Amino acid sequence: MTGKIESSVVTQMTSGAQGVQAGKSGAAGHAKIGSVSEADSVTLSGQGANLNELVNVAQQTPDVDVQKVAAIREAIASGSYQVNAESIATKMAHMEWQMGGR
């Protein structure tokens, strides 16, 4: 995956920097930071691209399932909502166990 580096991001990252240490082994000194051109780009590894895609999906996913909440509200209002106490107790005990409770 290749993406454009925005000039403002690079400016924020490099503001106040006088130079960048050379990345080659044995190289000494500083390389001057140049201006960013429209051709600058970055390539992410496979994992980085997957993580980027997951972040985008998570940002677009609503925090609350509005339809499910409405259905539960309607079931409660009509008296048809059934609480499974055994299932709730089992899940609470499992959560306590995971948190290290005894």
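**Briefing: helices, a nonpolar patch and model confidence**

Helix 3 is hardly covered, with one buried residue among its 13. The structure is a predicted model, with a mean pLDDT of 75 for the protein. Its secondary structure comes to four helices and four strands, and helices 3 and 4 each supply at least two residues of a nonpolar patch.

**Overall make-up**
- Along the sequence, the elements follow the pattern β-α-β-β-β-α-α-α.
- Of the 102 residues of the protein, 3% count as buried.
- The accessible surface of the protein comes to about 9,300 Å², and carbon and sulfur atoms hold 55% of that surface.
- Among contacts between residues at least 6 apart in sequence, 53% join residues at least 24 apart.

**Helix 2**
- Helix 2 covers residues 46-60 and has 15 residues.
- From first to last C-alpha, helix 2 reaches 21 Å, close to the 21 Å expected at 1.5 Å a residue.
- One of the 15 residues of helix 2 is buried, so this helix lies largely in the open.

**Helix 3 and the residue after it**
- Helix 3 runs over residues 66-78.
- At 1.5 Å a residue, the 13 residues of helix 3 should span 18 Å, and the 18 Å between its end C-alpha atoms agrees with this.

**The nonpolar surface patch**
- Ile-72, Ile-76, Tyr-81, Val-83, Ile-88 and Met-92 make a nonpolar surface patch of about 580 Å².
- Helix 3 (66-78) and helix 4 (85-98) each contribute at least two residues to the nonpolar patch.
- Val-83, one of the patch residues, lies in the loop between helix 3 and helix 4.
- The relative accessible area of Val-83 is 58%, so Val-83 counts as exposed, the cut-off being over 50%.

**Confidence**
- Of the residues of the protein, 62% reach a pLDDT of 70 or more.
- Over residues 14-27, pLDDT stays under 50.
- For residues 14-27 the model has 14 contacts beyond four places in sequence.

Key
Residues numbered from 1 in each chain as written. Predicted model: local features only at pLDDT ≥ 70, side-chain atom pairs only at ≥ 80, totals over all residues. Heavy atoms only, no water. Patch = residues over 30% accessible without salt bridge, like charges linked within 9 Å, V, L, I, M, F, W, Y side chains within 5 Å. Areas by Shrake-Rupley, 256 points an atom, 1.4 Å probe, with all protein chains shown as cover. Salt bridge = Lys/Arg side-chain N within 4 Å of Asp/Glu carboxyl O. Buried < 20%, exposed > 50% of the residue type's maximum accessible area, 1.4 Å probe, protein only. Contact = heavy atoms within 4.5 Å. pLDDT = per-residue confidence, 0-100. Expected span 1.5 Å × (residues − 1).
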